[in-house]
Amino acid sequence: MATSRLKVVLDQERSYDIRVGCKLLENLGTHLRELSSAKKAVIITDSNVGSLYLETTKKALVEAEFEVYDLTIPAGEESKNIEVATELWDALAMLNIGRDGLLLALGGGVVGDITGFIAATYMRGIDFVQLPTSLLAMVDSSVGGKTAINISAGKNLVGSFYQPIYVAADLDTLVTLPDAEWDNGFAEIAKSAIIDGGEFYEWVLNNVSSLVAHDDDALKQVIVRALTFKARVVIADEKESGLRECLNYGHTFAHALEQVSGYSISHGKAVAEGMRFAARLAVEVIGSSNDFVKAQDDLFDAIGLSPVAESFSSDELFECMFGDKKVRGGNLRFVFACGPGEWKVEIVDPDLAKIYIILWEQARM
Ligand SMILES: NC(=O)c1ccc[n+]([C@@H]2O[C@H](COP(=O)([O-])OP(=O)(O)OC[C@H]3O[C@@H](n4cnc5c(N)ncnc54)[C@H](O)[C@@H]3O)[C@@H](O)[C@H]2O)c1
């Protein structure tokens, strides 16, 4: 399978390549050497991914004459915190990593986000590379430069925008991705296709069965399409002051649902449910059509993102929604899609949102 290449050009001084294909980890070294003159390279990975792909990645870097170190964090969202960040900063200092060092994030979005945060802050910023191994990280988190850790007040509340120097999505790693993790990637793919509309949306509709069968070629094509879309959005609005907000489609309700469920609902299922919720609210708020609500439901059902069946307290959901960081200046902002490729942000009357949350709760009683 041929490797696909994309380029994110942020401005005259900042651009980076993305590659999507097979055997990219084992062939990493040569290309990295062209990009970086670093002597020391530190791979940050997690306990699951490290046991599968660390050796291959190390070998490739050693062959390219990097002095290679590795740091492994426990797998899971719980690692995206200040204690783990401190351990990583200290470990880099112990290894005498200077400003000319290179970090590599080998793993899913958790490893990508915390490694990006460490790269952004250690010595006021050192180069880093994203080596995403989950579908979600391949289609979303590895590109765009959002780095973060969680604090007790909420997820991703501390971080910065800091871009990688290179992203390599090695499709071979998806073979070991646990079944439960695919929803998260598929929800982001469905979201991107709906927001982008046009050819991307049509392609997903026509290829859903190949995607759920994890067909290699279909996966590669959809990752490239999703990244092309994401890169376009990020180039236009690097720091989320406008267009990039479209990427939050479904997230206002999803974040509340994740919190209220104590994170027992996967992020992918929550985002899909958030898009279902937003589409219904959009019929009332912006007069979009019920046909689109149905088309979107059909797409989510086909891609395996079934509706959330459990009920949660509408009071708690509402409270969480108001605590979300996307509520700016006390306003409840929703990204609405009224059809493929058609979206807008609207401030929603809290009383109206509350009514829809109550309806959502009642439908599950
Ligand atoms: N920066 C951004 O723009 C952005 C966007 C979306 C999400 N995120 C963040 O991404 C995180 C979620 O990312 P995620 O869904 O990849 O979670 P994750 O990094 O926790 O990975 C999910 C699980 O799959 C395992 N795994 C990953 N790749 C594997 C592979 N190839 N084989 C076997 N196991 C593998 C991991 O060890 C982990 O247990 C969240 O913290 C979220 O906030 C960031």
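A: Within helix H9, the buried residues are His251, Thr252, Phe253, Ala254, His255, Ala256, Leu257, Glu258, Gln259 and Val260, where a residue is buried if 20 or more other C-beta atoms, placed from the backbone, lie within 10 Å of its own, exposed if 12 or fewer do, and partly exposed in between. Helices are DSSP runs of H or I with at least four residues and strands are runs of E with at least two, both numbered from the N terminus. Residues are numbered from 1 along each chain as its sequence is written. The model is a predicted one, in which local features need pLDDT of at least 70 and side-chain atom pairs count only at pLDDT 80 or more, while totals for chains, interfaces and linings use all residues.

Because ten of the ten residues of H9 (residues 251-260) are buried, the helix is largely enclosed by the rest of the structure. Its buried residues pack against helix H10 (267-285), helix H12 (314-323) and strand S10 (333-339), a contact being two residues whose C-beta atoms, placed from the backbone, lie within 7 Å. Just after H9, Gly262 takes a positive phi of about 65°.

Of the contacts with a separation of 6 or more, 74% are between residues 24 or more positions apart. The C-alpha atoms fill a box of roughly 60 × 40 × 40 Å along the principal axes.

Elsewhere in the protein, seven strands form an open sheet with mixed pairing, in the order S1-S2-S9-S6-S5-S3-S4, where two strands pair if DSSP finds at least two bridges between them. Strand S1 (4-9) and strand S4 (67-73) are the edge strands, each pairing on one side only. Within this sheet, strand S2 (residues 15-21) and strand S9 (residues 166-170) run parallel and are joined by five bridges, and Arg19 stands opposite Ala168 in S9.

The ligand, finally, is surrounded by 31 residues, of which Asn48, Gly108, Gly109, Ser134 and Ser141 are the closest; a residue is near a molecule if its C-beta atom, placed from the backbone, lies within 6 Å of it. The elements that give two or more residues to this shell are helix H2 (47-63), helix H4 (109-121), helix H5 (135-141) and strand S8 (154-161).
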